[in-house]
Amino acid sequence: MSYKLIVVGDMPIFFERRKKRSITLTIKPPITNVICTAPLNCSLEQVNQFILSKRKWIQKSIDYINNNKEKFSNREIDVSNVTKDEKIELNNKLLYYVKEWEQKTHLKVNSFSIRNMKTRWGSCTCKKANIRFALQLYKMPNEFIEYIVLHEICHIKHYNHSTKFYKMVEEYMPDWKERQKLKPIEKVNV
């Protein structure tokens, strides 16, 4: 992928053409670069009009990212030096918390896995009850890991971030908002 920098209005946009049907905009946290991809046959004028029509959405998204940096902090955690022992330790913590929250919520996790995930701490395929956790969790405090486990298990019952979903999270973990703000811990090898 090679992006070209264009300016639309006063907004710098990274632009690229691809074989595709529609124009799309993406904003990459934590830096908030705005990326536009457009079909090969789309004119620059159409691209400019599309971007200008999405100006409010772009600004709202950038503001959200800038005001919620902690939600995107796993993007900055380097996992290239994670040891086998650290992966095993994380797996054991996740297994413990999954079993604990399955019992408390009466919801069953079919399986879970650990992956390098740069954009989220976890994900749940609700109907199959399969959960993926970010390898980046190895740097996070136990209270945060436990919150992420409960968060993903609650998705088995509530597929989105609805009021019902957050009521369920709060019912089981009243301090979830504080846990969500926890920062990575520095692991020192002695």
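**View 1. The pairing of R18 with E16 in the predicted model.**

**View 2. A salt-bridge network that joins E146, D175 and R179.** E146 forms a salt bridge with R179, the closest N and O atoms lying 2.9 Å apart, and this pair links distant parts of the chain, since E146 belongs to helix α4 and R179 to helix α6, 33 residues apart. Both E146 and R179 are buried, the relative accessibility of R179 being 14%. R179 also meets D175 in a salt bridge, with an N to O distance of 3.0 Å, and D175 is partly exposed, with a relative accessible area of 33%. Through these shared partners, the salt bridges connect the three residues E146, D175 and R179 into one network.

**View 3. The buried and exposed faces of helix α5, residues 163-172.** F165, M168 and V169 are buried in this helix; seen down the axis of α5, its buried residues fall within an arc of 95° and therefore line one face of the helix. The face of α5 turned away from this buried side carries the exposed residues T163, K164, K167 and E171. The cover over the buried residues of α5 includes α3 (84-105), α4 (142-157) and α6 (176-180).

Terms used
Residues numbered from 1 in each chain as written. Predicted model: local features only at pLDDT ≥ 70, side-chain atom pairs only at ≥ 80, totals over all residues. Heavy atoms only, no water. Buried < 20%, exposed > 50% of the residue type's maximum accessible area, 1.4 Å probe, protein only. Helix = DSSP H or I, 4+ residues; strand = E, 2+ residues; numbered from the N terminus. Arc of directions from axis to C-beta. Contact = heavy atoms within 4.5 Å. Salt bridge = Lys/Arg side-chain N within 4 Å of Asp/Glu carboxyl O.
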